[in-house]
Amino acid sequence: MDLRVFTEPQQGATYETLLRVARAAEELNYGAFFRSDHYLHMGSVDGLPGPTDAWTTLAGLARETSRIRLGTLMTAGTFRLPGVLAIQVAQVDQMSGGRVELGLGSGWFEEEHKAYGIPFPKEKFARLEEQLAIVTGLWATPVGDRFNFTGKHYRLQDSPALPKPAQSKVPVLVGGHGAKRTPALAAQYADEFNIPFASVEDSERQFARVRAAAEERGRKAGDLVYSNALVACVGKSDAEVKRRADAIGREVDELKANGLAGSPAEVAEKLERYRAAGTQRVYLQILDLDDLDHLELIAAEVMPQV
């Protein structure tokens, strides 16, 4: 199973903090470093020193790491025009030597839009569908050809569809809990389907919907990667688990029920349950970004078991 590091910098992190985590993840052989795309903190934290932009961060990391893959869970479709996003991602992919993956979602956190003057449209899902069509269409257009698109929300006319990413195909992630439209969107555009913070049982049900939707579109269900995002809180002892839970303001029992918490053996056992449900990749939500020993423990004692 591919284990990846997933961070939430809006809760309070500088670029230097993210760089330390990304470099540690690379040295410890995690599959990727991903980050959220938010401009406002959530919950009781103060969010200091303030938000960092996802694609500005990844551009920096692209030049300061060498092997680890880089991406977003999920880029908010409300934050960027799709043509601009296609340029940004292609450029960062070039800067990284072809290590970028794009998770793209509709955007949902209304308060951050209000806080920074970003429009928060009602028809977010329909916009997301057009955004996916535009971004993937721009990248797929042969050099020298032109890309045109006319939709309800966006129109592109005579676009040169440049620049191109370094990769022939940037992996695109689509995710969510929706029972119909989300699986259909993943089946049409995604290379990976991700379900955030879901139980084993809910994951299995949602993966089955995506597989069915893919086959309805004439794709093989196995063409997609199926993944989860789950909070991680691992310790060698009960005391260490509690210390890490306290540091992120969570209860151990709740983390064990809804995430990956406990001893390395407990976490490995739960990951096996997800594997049996169809999970191929897990994004470990790491909330205490100063605790690099946490990453080392998971790499040393969980990763070899899965």
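Modeller: Helices (H or I, at least four residues) and strands (E, at least two) are taken as DSSP runs and numbered from the N terminus. The model is predicted: local features need pLDDT of at least 70, side-chain atom pairs count only at pLDDT 80 or more, and totals for chains, interfaces and linings use all residues. Residues are numbered from 1 along each chain as its sequence is written, and side-chain values use heavy atoms, with hydrogens and water left out.

Colleague: In which helix do Glu272 and Arg275 both lie?

Modeller: Their side chains meet in a salt bridge, 3.2 Å from N to O; the term denotes a side-chain nitrogen of Lys or Arg within 4 Å of a carboxyl oxygen of Asp or Glu. The two residues are 3 apart, about one turn of the helix, and that helix is α10 (residues 264-276).

Colleague: Which residue forms a salt bridge with Glu101, and where does that partner lie?

Modeller: Glu101 is in strand β5 (residues 100-105) and its partner in strand β3 (residues 69-72), so the pair ties together parts 32 residues apart in sequence. Both residues are buried, that is, under 20% relative accessible area, where exposed means over 50% and partly exposed in between (1.4 Å probe, protein chains only). With the closest N and O atoms 2.5 Å apart, the partner is Arg69, in strand β3.

Colleague: How far from Glu130 is the nearest side chain of opposite charge?

Modeller: Glu130 is placed in helix α5 (residues 124-140). Lys and Arg count as positive, Asp and Glu as negative, while His and the chain ends are not counted. Glu130 is buried yet has no salt bridge, and the nearest side chain of opposite charge, Arg127, is at 7.3 Å.

Colleague: Which backbone nitrogen lies 3.1 Å from a polar atom of the Glu130 side chain?

Modeller: Beyond its neighbours within four places in sequence, Glu130 is in contact (heavy atoms within 4.5 Å) with residues including Phe149 and Tyr154. The nitrogen in question belongs to His153.

Colleague: Which residues have the most contacts inside the largest nonpolar core?

Modeller: A nonpolar core is a set of buried Ala, Val, Leu, Ile, Met, Phe, Trp, Tyr and Cys residues joined through side-chain atoms within 4.5 Å. The largest has 78 residues, and those with the most contacts inside it are Leu3 and Tyr30.

Conventions
A polar contact is a pair of N or O atoms within 3.5 Å; within protein, one must be able to donate a hydrogen and the other to accept it, and residues adjacent in sequence count only if both atoms are side-chain atoms.
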